[in-house]
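Have the structure open as you read.

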Amino acid sequence: MKNYFKRRLLPCVLTVVLLTNEAKPQEIERWDNRVSSGHEPAGIQWFKDAKFGMFVHWGLYSQLAGTWKNKNYYGSGEWIMNRARIPAAEYAAVAQQFNPVGFDAEEWAKFARQSGFRYMVVTAKHHEGFAMFDSKVSDFNVVKASPYGKDPMKALSEAVRKEGLHFGFYYSQYLDWHEANGGGNDWDFDESRKDYQRYYQGKSVPQIKELLTHYGPLGILWFDMPGGLSKEQTQAMIDTLHALQPDALFSSRVGQGLGDYRDFGDSEVPPLPVAGAWEAIYTHNDSWGYISHDMNFKSSGEIIRLLAGTASKGGNLMLNIGPDGTGRLPAYSQKYLLETGSWLGRFGESIYGTTYGLVPAQPWGVTTSKPGKLYLHIFERPSNGRLLIPDFDAAVSAIYQLDTHQPLRWKKRGSAIEISIGTLSDKRNTVLVVAYKGTPRKFDLTTPLTVSAGYKENPLDAVFARLHGSAKIESLTFSHYFGDWKHATCVTGMSRPEDSVSFLARITDPGDYKVLLEYACPPENSRQEGTLLFDGKEYKFETLRTSKLEEGNPILFIRHPVAIVTVPKAGLYTLRLSAAQQGSALFSLKSVILEPVD
Ligand code: H79
């Protein structure tokens, strides 16, 4: 726990080595934490099929709305007590203003169903320590300490299940800034005198037992930020709690590698497919808890593409909404989620019940699949109306647009399939269905990347790079505000000419292409010479500086145009990058982008 804090706070950039050698198809298996261990719970199927969950952060921080003593805070609003170092007694008084008279459980539940969510997880207690439910364990709860005086979780759990969704609770099991023995509050309480076992036995576990006893069958118990327990102690806690509801799924943030399914980091989708049950969690704007001055909401198009992108890797998306202190959902959350729900009404077959796509991400979009069906999620319509599926060798019986059932003309082009497409019904994401017989080749990292003049940009993403020498792939974690984590998969470690990276591309149209390198490069690494090798010609460039990673600044990924290259004829091409001389790391390369010159 302590280490986790230090790692995150001090360097503020956490790097995790993902793949160290040339990526092979088998590498995908390495991403899988569950299937290989073979203990996926029997009741997991509903979760794997659900694909879209609604996360709700609601507590006293929602009432503060990101402002304390006339100062506005940005980023994770539910951390305001910690950030403003608010004394526990002073913070507890906020409960006296918490009166969510606008809360309507039926309205939330109906909204969730209409938005296409298949489950809901709501904060029963976040790090602030306030129970949003009726608790006999601690009086610091919504019924006893607020003028509202009712249990909103009772009404919500019933309403959500009535709408046919699974219902679950988030419970922060270790951090509790209200309690002398809870984790995290070092501004009121002496860390060295804390007795975490007392906290677990006296509040955390008894309150979770209340949640598992009084709110009907829970689909999920969502733990967060583990600490203070060994693996054996964590397992013992799980056993005690599971005994009350064996079918409830426990999230992996129960800690110590345990739990029934896997959650990635906040706002993180793995760059490649992952087998087994997992969930990516994002929030609708830049904060989990309501902040009145945070208006950076994702549009329905962004949500739909995030959802399809997550499903294309085989996981669920649980998207958070932060209701305000009166119990109302932000207007833009209502608007954009209902729009997402209506898209799911037309295209939901390509999301619910699917598994990861058989074809890697393409310049036109991503794929999901079901037995005998490959779904093409078209984010970018090729301007020439020709859409290519590379390396698809099953016997195709028909290709049609999912919402209209309009059949499309297609032909085989070697190992690829080329579809002729006219106008598409939804420019955010129109889904095409490829119906086939036989067993197509599985997702394969060796498939050449498609580059076509039909797209404004053709990204060659780091995760598909072939690595040479000391070049490696890392996931860089950074944030803009406070706790609004972002993740980028990059090639790093290129400090000598022999540490190179190459991409194999199938370029379908001859002509000129502009090459842009998208990278982060802190000042000490800038002004180094690099070499781009394409079709037997060498091009030189010098790296430009971006922000300093150590300061926790945003990593400014710049798009640096370095050359124009000419493609004489359609075919396979290799693009290679390396440092021209030995030096410090050239940059953290996110992608190489090929833009057809118009
Ligand atoms: O509930 C949301 C977050 O409040 C919670 N998880 C999501 C779902 C969460 N709690 N802690 N963390 C996420 C990670 C904490 C990272 C920390 Fe920091 C690094 C804590 C202190 C340093 C981030 C950066 C928070 C404060 C600064």
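At the start of α7, the backbone nitrogen of E106 has a side-chain oxygen of D104 within 3.1 Å. This is a predicted model, in which local features need pLDDT of at least 70, side-chain atom pairs count only at pLDDT 80 or more, and totals for chains, interfaces and linings use all residues. Residues are numbered from 1 along each chain as its sequence is written, and side-chain values use heavy atoms, leaving out hydrogens and water.

Helix α7 spans residues 105-114, and its buried residues are A105, W108, A109, F111 and A112. They fall within an arc of 160° seen down the axis of α7, so they line one face of the helix. E106 and E107, on the other side of α7, are exposed. Here buried means under 20% relative accessible area and exposed over 50%, with a 1.4 Å probe and protein chains only. Just after α7, G116 takes a positive phi of about 90°.

Now to the ligand. It is surrounded by 20 residues, the closest being H57, E78, H126, D224 and F482; a residue counts if one of its heavy atoms lies within 4 Å. By class, this shell has 11 nonpolar, 4 polar and 5 charged residues. Its largest share, 4 residues, comes from helix α1 (residues 2-9).

| Ligand atom | Side chain (N or O atom) | Distance |
|---|---|---|
| oxygen | W79 | 3.0 Å |
| oxygen | H126 | 2.7 Å |
| nitrogen | D266 | 3.1 Å |

Conventions:
Helices (H or I, at least four residues) and strands (E, at least two) are DSSP runs, numbered from the N terminus. The arc is that of the directions from the helix axis to the C-beta atoms. A polar contact is a pair of N or O atoms within 3.5 Å; within protein, one must be able to donate a hydrogen and the other to accept it, and residues adjacent in sequence count only if both atoms are side-chain atoms. Ala, Val, Leu, Ile, Met, Phe, Trp, Tyr, Cys and Pro count as nonpolar, Asp, Glu, Lys and Arg as charged, and the others, Gly among them, as polar.
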